[in-house]
Structures are given as C-alpha cells and as structure tokens.
Amino acid sequence: MAKQSSGNPFLDFDISKTLGDFKVPGLDVEAIMASQRKNIEAVTAANQLAIEGLQAVLRRQAEILRASVEESSNYVNQVVAAGTPEEKAAKQTELAKAAFEKALANARELAELVAKSNSEAAEILSKRVSESLDEVKAAIAKTQSARK
C-alpha cells in the first residue's frame, strides 16, 4: 500500500529512510524510530487524559452553577419568609455561612479533579521517560557488547 502524499514536503519526509541511508555503525534506526513513536503515543495519551480531565471539570462547574442558581432562589425565599427584621438578618447570616461553606467545598472538589487529571497525565509521561532511559541504557549496552 503506497503512502499518500499530504502535499506538505515536511510531513512527507521519512526520517527513518534518511537515517537508514547513512548506515552509522552501532546506530539502530528502527529502535530509535520505535522509541520516538512510543514517546509520541505517551504524549498523545497524556494530552487525551488532560482534555478529559478538563471536560470533567467544566461539566462539574456547570452542575455547580446550576445548583447555585437554584439554591440562591431558595435562599431569597427563606429570607423573605422570615418574620421580624432580626429573624431575617439571622437567616441571611445562616444562609451566607452555608453558601460560603458550599463554595469552599466545591472549590476543593474542582481542585481535586484538576490534581487527579494532572497526576494521571504526569504518570504516563513519567513512565515513558523511565522506559526511554531503559531503552537508551540497553542500546548503549548492545553497542558496547558489539564492539568487544
């Protein structure tokens, strides 16, 4: 199956073929290309997790906003229903405290969602860096044993 041209000479450039033409002793072009493919796959997976995390945060923010609007309406009704001005002031204070605590809990929840998403993405990249270093170590050992 022939490779289709994208029309962009930079995208159509085959680095493995070019490096393979140089025939540098001890240089395994296929291993280098496989390693780079794995690097790109890891970055892609990390980006996908980051996007999914962002979408989860945005969905949760929308839910929080919707609930906040409903609660605000309920709070106004409760304050209006209170009898004396002192009771209204006490009710406002009580509701303001509850709203503040709820806002703090929501902020904490969103921060945890972001931290979890970032941690998962960083774990993918960290694992790939470790694997990549192992690959380099193995390539060096292979080159050294080939010279002996």
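This is a predicted model: local features need pLDDT of at least 70, side-chain atom pairs count only at pLDDT 80 or more; totals for chains, interfaces and linings use all residues.

Reply: The expected span of a helix is 1.5 Å times one less than its number of residues. Helices (H or I, at least four residues) and strands (E, at least two) are DSSP runs numbered from the N terminus.

Residues are numbered from 1 along each chain as its sequence is written, and side-chain values use heavy atoms, with hydrogens and water left out.

The protein chain holds three helices and zero strands, in the order α-α-α along the sequence. It has 148 residues, and 14% of them count as buried (under 20% relative accessible area; exposed is over 50%, partly exposed in between, with a 1.4 Å probe and protein chains only). Among contacts (heavy atoms within 4.5 Å) between residues at least 6 apart in sequence, 62% join residues at least 24 apart.

Helix 3 covers residues 85–147. With 63 residues at 1.5 Å each, helix 3 should span 93 Å, and its end C-alpha atoms lie 92 Å apart, which agrees. Its partner, helix 2, covers residues 29–81.

How do helix 2 and helix 3 pack, at what angle and with their axes how far apart? The angle is about 175° and the axes are 10 Å apart. Axes are lines fitted to C-alpha atoms, for helices over the stretch in contact, and angles run from 0 to 180 degrees between N-to-C directions. Helix 2 and helix 3 are therefore roughly antiparallel to each other (over 145 degrees; under 35 is roughly parallel, 65 to 115 roughly perpendicular and the rest oblique). By class, the contact of helix 2 with helix 3 has 21 nonpolar, nine polar and 10 charged residues. Here Ala, Val, Leu, Ile, Met, Phe, Trp, Tyr, Cys and Pro count as nonpolar, Asp, Glu, Lys and Arg as charged, and the others, Gly among them, as polar.

The buried residues of helix 3 are Leu95, Asn106, Leu110, Ser117, Ala121, Arg128 and Ser132, and they pack against helix 2. On the side of helix 2, the buried residues include Ala42, Ile64 and Tyr75. These three give places from which to follow the pairing.

Take Tyr75, in helix 2. Leaving aside neighbours within four places in sequence, Tyr75 is in contact with Leu95, Ala98 and Ala99. Tyr75 and Ala99 are 24 residues apart in sequence, with 9.3 Å between their C-alpha atoms.

Next comes Asn106, which belongs to helix 3. Asn106 has a relative accessible area of 10%, so it is buried. Beyond its neighbours within four places in sequence, Asn106 is in contact with Arg60 and Ile64. Ile64 is part of helix 2, and its relative accessibility of 13% counts as buried. With residues up to four places away not counted, Ile64 touches Leu110 as well as Asn106. Between the C-alpha atoms of Ile64 and Leu110 there are 10.0 Å, although 46 residues separate the two along the chain.

Further along helix 3 is Ser126. Is Ser126 buried or partly exposed? Its relative accessibility is 44%, so Ser126 counts as partly exposed. Ser126 and Ala42 lie 84 residues apart in sequence, and C-alpha to C-alpha they are 9.4 Å apart in space.
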